[in-house]
Each structure stands twice: as C-alpha cells, then as structure tokens.
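Here's a quick tour of a protein model, helix by helix and loop by loop. Have the viewer open and follow along.

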Amino acid sequence: MNKRYGLLAYFVISCYYLGVSTWVAVTEKPIDYPVYLLSAYGFYHKQNVYLWNENDFRDAAAALGVRRYTTPYRYSPAVAYLVMPFLFLPYRIGILVWSLLNGAATILAGELLARMADRPVKRWLIRASTWLFVPFLVRGYAGQANALPVHPACAAL
C-alpha cells in the first residue's frame, strides 16, 4: 500500500477515535465508565462494591459528580483499579482520557498484530480488522475497557 494511503488510514481512524471520545466526554453518556469509576471510588475507600446497594452507588455518584450510571458492578476488580487514577480528574476529563487511551490501545494492538504478517496487504487487512472490530468500535461510545487488556496480549505475541 502506498505510504500516503497508510498515513491517511492512520489519520482517519485516529480522527474517528478522537471524535467519539470527545462526543462521549461532552455528552457524558458512556455506559460502563461511570460504574468503573464509582467502583474505583468504593475500592479506594476500602469498601466492597460487590455488596453495595443503590444508595451506596448514589452517594459515590454524588461525591464524584456522576449523573448517569448503572448498577451493580459486575466486573473484575482489576478494571476498577485501572480506573482509580481517574478519581483525581474532573469527570469529563476522565471520560475523555479513558476513551483516548482505549482508542490508542486499539490502534496499537492493530499495529502490533500487523507486524506479524509477511506481506503489506496482510498487514493492512489485520490493522483494518482490528481497528474496525465491533467490540472496539462499541467501546468508543460505551466507555468499556475492551481494548486495554488486548494491547498487552498483542505485545506479548
């Protein structure tokens, strides 16, 4: 593939993830990020978030300025610990940074996987398949953590 087209592909996918990340931060409509953050708040305060009721989530949400969230927390504690540093950021900034990190992890995972292919066409097919993989695209507006664990796994290959 022509180098110019390759750069264009990186530019387009980067713009997509930047746009989605910005939209999610401005509208405050991620689905999973808020519950990750609320649970990180609970773990930070040495509480068992798996035993929380609606009032506990409401109190944490009020303390963090989170207006929309879901309950209960059904994820690994590792995700909440990944989000814990975001407790110290304003909510919208945290959403933006979380989304951008996930977008970058998706792009880098595609690149790492592509480097295993022997031909340029195969490399671009792998990149495109990774970048356009539906769970990663959904992650963009849902605030999920899908891409973050995939990146180290790809690096290990």
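## Ground rules

Helices here are DSSP runs of H or I with at least four residues, numbered from the N terminus. With that naming, the loop between α3 and α4 (77–83) is where P72 lies. Keep in mind that this is a predicted model.

## A greasy patch on the outside

Start with the surface. Y5, L8, F11 and V12 make a nonpolar patch of about 440 Å². One of these residues, Y5, lies in helix α1, which covers residues 3–27. Is Y5 buried or exposed? Its relative accessible area is 53%, and the cut-off for exposed is over 50%, so Y5 counts as exposed.

## Helix α3 and its buried side

Helix α3 runs over residues 54–64, and its buried residues are F57, A60, A61 and L64. Those four span an arc of only 100 degrees around the axis, so they sit on the same side of α3. As for what covers the buried residues of α3, the list includes α2 (33–44) and α5 (91–114).

Both ends of this helix have something to look at. At the start of α3, N53 brings a side-chain oxygen to within 2.9 Å of the backbone nitrogen of N55. Just after α3 comes G65, with a positive phi of about 75 degrees.

## An arginine tucked away

Now jump to helix α6 (residues 120–131), where you'll find R127. With a relative accessible area of 8%, R127 is buried, since buried means under 20%. Which residues does R127 touch, if you skip its neighbours within four places in sequence? The contacts are Y10, G110, E111 and A114.

Most residues other than glycine have a negative phi, and most peptide bonds are trans.

K46 is not a glycine, yet its phi is positive, at about 60 degrees. K46 also counts as exposed, with 76% relative accessibility.

The other topic is the peptide bond joining T71 and P72, which is cis, with omega at about -10 degrees. P72, as noted above, belongs to the loop between α3 and α4.

Notes
Residues numbered from 1 in each chain as written. Predicted model: local features only at pLDDT ≥ 70, side-chain atom pairs only at ≥ 80, totals over all residues. Heavy atoms only, no water. Patch = residues over 30% accessible without salt bridge, like charges linked within 9 Å, V, L, I, M, F, W, Y side chains within 5 Å. Areas by Shrake-Rupley, 256 points an atom, 1.4 Å probe, with all protein chains shown as cover. Salt bridge = Lys/Arg side-chain N within 4 Å of Asp/Glu carboxyl O. Helix = DSSP H or I, 4+ residues; strand = E, 2+ residues; numbered from the N terminus. Buried < 20%, exposed > 50% of the residue type's maximum accessible area, 1.4 Å probe, protein only. Arc of directions from axis to C-beta. Contact = heavy atoms within 4.5 Å. Polar contact = N/O pair within 3.5 Å; in protein donor to acceptor, adjacent residues only side chain to side chain.
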